[in-house]
Amino acid sequence: MWWELILKLLLVFISGGLLCVLAEILIIKTTLTPAKILVIFLIAGIVLETFGIYKPLLNIFNAGVSVPIVGFGAGLAEGAIKYATEYGFIGAFAGGLLNTAFGVGVAVVVSYIITLIFSPKTKK
């Protein structure tokens with residue numbers, strides 16, 4: 001029913017928002033740069049996927065945990081694990097890239113299109 005959809009959307013919004021709040025707290029209360037926080041979130045996704053915690057979280061929170069960088073880290077780990085079991089040592093390196101290549105490709109193409117539309121300028 002409609003309330004189930006509303007509840008699911010609310011859960012996605014809250015979980016994604018909590019990740020953003022966590023990042024903001026790290027920015028405000030620590031000397032970590034945004035780039036370092038991004039790496040922390042990426043590694044958190046890798047760790048969650050490696051220990052089998054990410055999939056249950058994904059089933060509960062859906063896009064709230066899959067859209068941020070945590071989901072990208074989990075995708076890298078999932079591909080690395082999958083291809084390492086199939087192809088061995090070299091598969092561990094190739095698997096993460098193969099598993100996330102589509103998303104990275106789309107990001108590059110959309111970024112290029114946006115630069116054509118808005119003609120970005122550097123700060124002075």
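Reader: Which residues in H2 meet which residues in H5?

Author: This is a predicted model, where local features need pLDDT of at least 70, side-chain atom pairs count only at pLDDT 80 or more, and totals for chains, interfaces and linings use all residues. Residues are numbered from 1 along each chain as its sequence is written, and side-chain values use heavy atoms, without hydrogens and water. Contact means heavy atoms within 4.5 Å. On the H2 side stand Leu-38, Phe-41, Leu-42, Gly-45, Ile-46, Leu-48, Glu-49 and Thr-50. They meet Ile-69, Val-70, Phe-72, Gly-73, Ala-74, Leu-76, Ala-77, Glu-78 and Ile-81 in H5.

Reader: Why are H2 and H5 called oblique to each other?

Author: Helix H2 (residues 34–50) and helix H5 (residues 69–87) pack at about 45°, their axes 7 Å apart. Angles under 35 degrees count as roughly parallel, over 145 as roughly antiparallel, 65 to 115 as roughly perpendicular and the rest as oblique. H2 and H5 are therefore oblique.

Reader: What makes up the secondary structure of the chain?

Author: It comes to 6 helices and 0 strands. Helices are DSSP runs (H or I) of at least four residues, strands (E) of at least two.

Reader: Why is the chain called more spread out than a compact globule?

Author: The globule rule is 2.2 Å times the number of residues to the power 0.38, and the radius of gyration is taken over C-alpha atoms. For 124 residues the rule gives 14 Å; the chain has 17 Å, well over that, so it is more spread out than a compact globule.

Notes: Axes fitted to C-alpha atoms, helices over the stretch in contact; angles between N-to-C directions.
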